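Have a look at the structure first.

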Amino acid sequence: MDFQNRAGSKPGSAGVAGHSESNVDRRERLRKLALETIDLAKDPYFMKNHLGSYECKLCLTLHTNEGSYLAHTQGKKHQTNLARRAAREAKESGIQPGLIAQPQIMVKKNVIKIGRPGYKVTKVRDPVTRQFGLLFQIQYPEVGTEVNPRHRFMSAYEQRIEAPNRMYQYLLFAAEPYETIAFKVQSREIDKGEGKFFTHWDPDSKQFSLQFFFKNERPVTDMMEAPYMRAPVANPLNPFNAPPPVK
């Protein structure tokens with residue numbers, strides 16, 4: 001059969017490609033296109049089975065090589081299943097299909113710092129449990145009415161000013177437009193029980209107060225028992241220690 005004189009062919013070239021040749025060429029073009037846009041390492045539906053072939057977990061199809069799978073991802077069946085999966089996930093999450101959430105852009109405020117605030121630190125002790133604590137009083141006279149001072153405890157390994165020391169931690173106070181200040185305290189467990197830890201912001205006097213207590217390392221009963229409260233112990237070697245009277 002003469003393929004050179006068929007309709008649509010050029011003199012000196014091969015014959016017009018048939019249906020199978022067109023499919024091979026189309027799949028090759030789709031494979032090259034997919035290689036430029038798809039990373040198989042990040043494809044959640046690409047899987048290699050124990051037989052050495054490849055599977056599409058979305059469409060449940062088998063492929064002999066990666067090129068066959070890439071060509072499949074550009075086909076109508078895979079794209080239709082992707083659209084169905086996206087519509088189902090959007091319905092379950094309550095988001096209307098076609099609406100893309102725009103990322104919220106956070107605008108960083110450039111605040112001019114006016115210096116460090118005044119402060120006062122007082123040592124306190126609970127009269128009942130004998131727990132040691134600290135009272136911090138920070139003055140913010142120039143702070144705005146909409147600003148509330150903040151605080152947090154920071155580990156010694158989070159800061160970059162001093163060499164880390166596991167025996168200490170830092171208590172930070174911040175309120176714009178003042179600079180953030182930090183206090184170096186012992187790295188002991190803070191008692192967050194009722195009445196042991198409290199904060200207060202006074203908008204009239206512009207003073208922020210924070211008081212906390214450290215947890216006792218020994219039981220409270222042992223610390224509350226003073227030496228003079230213990231019963232005296234009889235010394236058998238003392239000649240003046242008379243025996244108790246016999247009733």
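## Ground rules

For residue classes, Ala, Val, Leu, Ile, Met, Phe, Trp, Tyr, Cys and Pro count as nonpolar, Asp, Glu, Lys and Arg as charged, and the others, Gly among them, as polar. The model is predicted, with local features needing pLDDT of at least 70 and side-chain atom pairs counting only at pLDDT 80 or more, while totals for chains, interfaces and linings use all residues. Residues are numbered from 1 along each chain as its sequence is written, and side-chain values use heavy atoms, with hydrogens and water left out.

## The largest pocket

A pocket here is an open set of points on a 1 Å grid over the protein atoms alone, where a 1.4 Å probe fits, with protein on both sides within 12 Å along at least five of seven lines; lining residues have an atom within 4 Å of a point. The largest one holds about 350 Å³ of space, taken as the space filled by probe spheres set on the points, which are joined across faces, edges and corners. Its lining has 15 residues, and R116, T180, I181, A182 and F183 sit closest to the centre.

By class, that lining splits into nine nonpolar, two polar and four charged residues. Strand β8 gives the largest share, four residues (strands are DSSP runs of E, at least two residues, numbered from the N terminus).

The E176 to P177 peptide bond is cis, with omega near 10 degrees, and P177 is in the loop between β7 and β8.

L60, in the loop between β2 and β3, has a positive phi near 60 degrees. K206, in the loop between β10 and β11, has a positive phi near 55 degrees.
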